[in-house]
Amino acid sequence: MKEDKRAFVEILKLVRLLAVIVLVVGVCLFVKAKYEDTKEPELTSSFVNGRLESVSDLTTSELVYTGLIKYSEGSIPYLTQNSFSMLYTADVRAGIDLSKAEISITDDQVIITLPECEVQSIDVDPDSIEFYDEHWALFNRVEKTDVIDTISAAKEDVSTKADVESLLEHAGLQTKAIIEGILKDSIGERELVFR
């Protein structure tokens with residue numbers, strides 16, 4: 001019986017030793033895996049390009065513009081001269097084509113050279129057009145092309161009278177903020193520099 005008890009104690013010691021060894025090996029493997037996961041992946045310009053090209057034609061700022069145009073065609077009032085005032089609303093979008101961005105990466109910086117922001121579209125809402133002070137001529141009928149001309153005139157009016165400079169400036173600031181958000185988790189400790 002003493003031998004059975006002694007054998008049982010020896011087996012118990014051996015099991016405890018194996019448990020300690022398994023625990024130590026497990027902790028070592030866990031620490032090694034954790035260390036490998038925190039190692040920073042290699043950052044390449046093609047990786048950054050890929051992240052930016054996924055949003056290549058980026059609209060970053062929008063302006064709703066309400067304008068008034070006085071339109072006149074023809075020279076003799078009531079006979080050949082059509083005239084009216086037109087009130088309209090247009091949506092102006094500005095942004096950037098990120099596929100044209102150039103990226104270079106150093107050990108401590110990610111340098112992004114951005115193209116200039118530009119007006120991407122001017123859309124006159126046809127449902128917002130209202131006509132006032134209409135004077136139609138007897139011998140100069142209004143054709144569909146005249147309406148197209150008025151929309152073209154509205155787009156030109158927006159281009160010259162809307163505060164496009166402020167819109168482009170705001171689009172540039174928004175572009176930088178969006179790019180920072182896209183790349184924040186990817187660049188690690190590197191500084192993001194815009195040019």
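## Model and confidence

The term pLDDT denotes the predictor's confidence in each residue, on a scale from 0 to 100. The structure is a predicted model, in which local features need pLDDT of at least 70 and side-chain atom pairs count only at pLDDT 80 or more, whereas totals for chains, interfaces and linings use all residues. Residues are numbered from 1 along each chain as its sequence is written, and side-chain values use heavy atoms, with hydrogens and water left out.

For the protein chain the mean pLDDT is 79, and 76% of the residues reach 70 or more. Among its elements, the lowest mean pLDDT, 67, belongs to helix α2 (residues 45-53), and the highest, 92, to strand β5 (residues 118-124).

## Secondary structure and burial

Helices (H or I, at least four residues) and strands (E, at least two) are taken as DSSP runs and numbered from the N terminus. The protein chain contains four helices and seven strands. Along the sequence these elements follow the pattern α-α-β-β-β-β-β-β-α-α-β.

A residue is buried under 20% relative accessible area, exposed over 50% and partly exposed in between, with a 1.4 Å probe and protein chains only. Of the 195 residues in the protein chain, 29% are buried.

## Helix α4

Helix α4 spans residues 164-183. The expected span of a helix is 1.5 Å times one less than its number of residues. For the 20 residues of α4 this gives 28 Å, which agrees with the 28 Å between its end C-alpha atoms.

The buried residues of α4 are Val-164, Leu-167, Ala-171, Gly-172, Thr-175, Ile-179, Ile-182 and Leu-183. They cover an arc of only 140° around the axis, so they lie on the same side of α4; the arc is that of the directions from the helix axis to the C-beta atoms. The face turned away from this buried side carries the exposed residues Glu-169, Leu-173 and Gly-181.

## The three-stranded sheet

Two strands pair if DSSP finds at least two bridges between them.

Strands β4 (residues 109-113) and β7 run parallel and are joined by four bridges. Gln-109 stands opposite Glu-191 in β7. In strand β3 lies Ser-104, which counts as partly exposed at 35% relative accessibility. Ser-104 and Val-193 are 89 residues apart in sequence, and their C-alpha atoms are 9.9 Å apart in space.

Rings of Phe, Tyr and Trp (its six-membered ring) pair if their centres lie within 6.5 Å; planes under 30 degrees apart count as stacked, over 60 as edge-to-face and the rest as tilted. By this rule there is one aromatic pair. The ring centres of Tyr-65 and Tyr-88 are 6.4 Å apart and the planes stand at 50°, so the pair is tilted. It links distant parts of the chain, with Tyr-65 in strand β1 (residues 57-73) and Tyr-88 in strand β2 (residues 82-97), 23 residues apart. Tyr-65 counts as buried at 16% relative accessibility, and Tyr-88 counts as buried at 0%.

Cys-117 is located in the loop between β4 and β5 and is buried at 16% relative accessibility. Cys-117 and Ile-96 are 21 residues apart in sequence and 4.8 Å apart in space, C-alpha to C-alpha.
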